[in-house]
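Trainee: Could we walk through this structure together, one question at a time?
Mentor: Gladly! Take a look at it, and then ask away.

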Amino acid sequence: MKFYHNCIGLALVVVAMISCDSSSNKSENLSEEQVTDSIASVEEVVEKISFGQLQAEMNPDAMLDIYNPIGNENFKEGKVSFLLIFETTG
Amino acid sequence: MLSLNGASPKPYSMPNFLMDLNKGTYRAVAFLLNEEGLSLKEYGNFSARDFTVGESRPFPEDDAPYVILHLPAEQQAYAPEEAVIVDFLYLGGGPESDGVKVKIEIDGQEYYTQEIAPVQLSKLSKGPHSLKISLVGAANDQEIGGVFASETRNIIIE
């Protein structure tokens, strides 16, 4: 019975140690993050803007045409009517 | 989407609509977006028309290629970690056959490309920025002529 109590006691100590340990890890992580954050913000001022080419998505089957105005027309001031035609051939 | 005279394009979900226009000379460029909200850039995916309102003088005859800037829109605001994507249409033959390059300028930094593809900018500092896109000669880096030789947009990183 005494051995059993000791076991529980030991288990509690282990649990306490683990929880303490992880919390100290957490705070270490936090401080590390803060350090890297401040480094990053310093770099941001110095670093140049980077330009990266993205992949252009193609869809040759989607066709769009301006039906109105037909082109080189002259309109009276005010409302100009537009008509767009969308077709997909795919 | 429809851009008038190179201004920030506006979305239209209906095929027919009316626009209230003052006297002037206009070039309308209509284009389609993909599911990611980027413009489709191939011949046939877009359409352009010139017209005048109130007997305004038409644009001079001009076959020069030009770009229409889809993104960023004027006064577009971005969250600090949000990607700034420059999405443009090229109206012409092709940068290589036309002997031009697309030039993107921001904060005194320049980027040149002959690919018609979106460009992602990163590491922009907080605050306002002015972005300019233009077509320049492939050999001399000089801006080519034409009514729509360049477009400038102001954006804000919050």
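Trainee: Which residue takes a positive phi in the hairpin of E8(B) and E9(B)?
Mentor: Keep in mind that this is a predicted model. The hairpin of E8(B) and E9(B) has two residues between the strands. The residue with a positive phi there, near 50°, is Asp107(B).

Trainee: In which sense do E8(B) and E9(B) pair, parallel or antiparallel?
Mentor: Follow the two strands across from each other and you will find Val102(B) opposite Thr113(B) in E9(B). Five bridges link E8(B) and E9(B), and the sense of the pairing is antiparallel.

Trainee: How much area do chain B and chain A bury between them?
Mentor: Let's begin with who takes part: 49 residues come from chain B and 36 residues from chain A. Carbon and sulfur atoms carry 56% of the buried area. The total that the two chains bury between them is about 3,900 Å².

Trainee: Which three residues supply more than any other three of the area that chain B buries against chain A?
Mentor: Together these three supply 16% of the area on the chain B side. They are Arg49(B), Gln109(B) and Lys123(B).

Trainee: How many salt bridges does the rule find across the interface of chain B and chain A?
Mentor: One you can look up joins the side chains of Lys79(A) and Asp20(B), with 3.2 Å from N to O. For salt bridges across the interface, the count is two.

Trainee: Which element gives the most to the side of chain B that touches chain A?
Mentor: Several strands of chain B give two or more residues to that side, among them E2 (16-21), E3 (24-31) and E8 (100-106). By class, that side has 25 nonpolar, 13 polar and eleven charged residues. With eight residues, the element that gives the most is E4(B).

Trainee: What is the bridge partner of Asn74(A) in E4(B)?
Mentor: Strand E3 of chain A, residues 73-75, is joined to E4(B) by three bridges. These two strands run parallel. Across from Asn74(A), the partner in E4(B) is Thr52(B).

Trainee: In what order do the elements of chain A run from the N terminus on?
Mentor: Chain A contains one helix and four strands. Of its 90 residues, 12% count as buried. Read from the N terminus, the order is α-β-β-β-β.

Trainee: Is Asn68(A) buried, exposed or partly exposed?
Mentor: Asn68(A) sits in strand E2 of chain A, residues 62-68. Beyond its neighbours within four places in sequence, Asn68(A) is in contact with Ser81(A), Phe82(A) and Leu83(A). Its relative accessibility is 28%, so Asn68(A) counts as partly exposed.

Trainee: Why does Glu151(B) count as buried?
Mentor: Glu151(B) belongs to strand E12 of chain B, residues 150-157. The side chain of Glu151(B) reaches the backbone nitrogen of Leu69(B) at 3.3 Å, and a polar contact of 2.9 Å joins it to the side chain of Arg153(B). The cut-off for buried is under 20%. Glu151(B) counts as buried because its relative accessibility is 6%.

Trainee: How many of the eight residues of strand E7 of chain B are buried?
Mentor: Look at what pairs with E7(B): strand E5 of chain B, residues 66-71, runs antiparallel to E7(B) with five bridges, and Leu69(B) has Phe88(B) as its partner there. E7(B) is largely enclosed by the rest of the structure, because the number of its eight residues that are buried is seven.

How values were computed
Residues are numbered from 1 along each chain as its sequence is written. Chains are lettered from A and ligands numbered from 1 in the order in which they are written. This is a predicted model: local features need pLDDT of at least 70, side-chain atom pairs count only at pLDDT 80 or more; totals for chains, interfaces and linings use all residues. Side-chain values use heavy atoms; hydrogens and water are left out. Contact means heavy atoms within 4.5 Å. Buried area is the accessible area (1.4 Å probe) that two parts lose on being put together, summed over both. A salt bridge is a side-chain nitrogen of Lys or Arg within 4 Å of a carboxyl oxygen of Asp or Glu. Ala, Val, Leu, Ile, Met, Phe, Trp, Tyr, Cys and Pro count as nonpolar, Asp, Glu, Lys and Arg as charged, and the others, Gly among them, as polar. Two strands pair if DSSP finds at least two bridges between them. Buried means under 20% relative accessible area, exposed over 50%, partly exposed in between (1.4 Å probe, protein chains only). A polar contact is a pair of N or O atoms within 3.5 Å; within protein, one must be able to donate a hydrogen and the other to accept it, and residues adjacent in sequence count only if both atoms are side-chain atoms.
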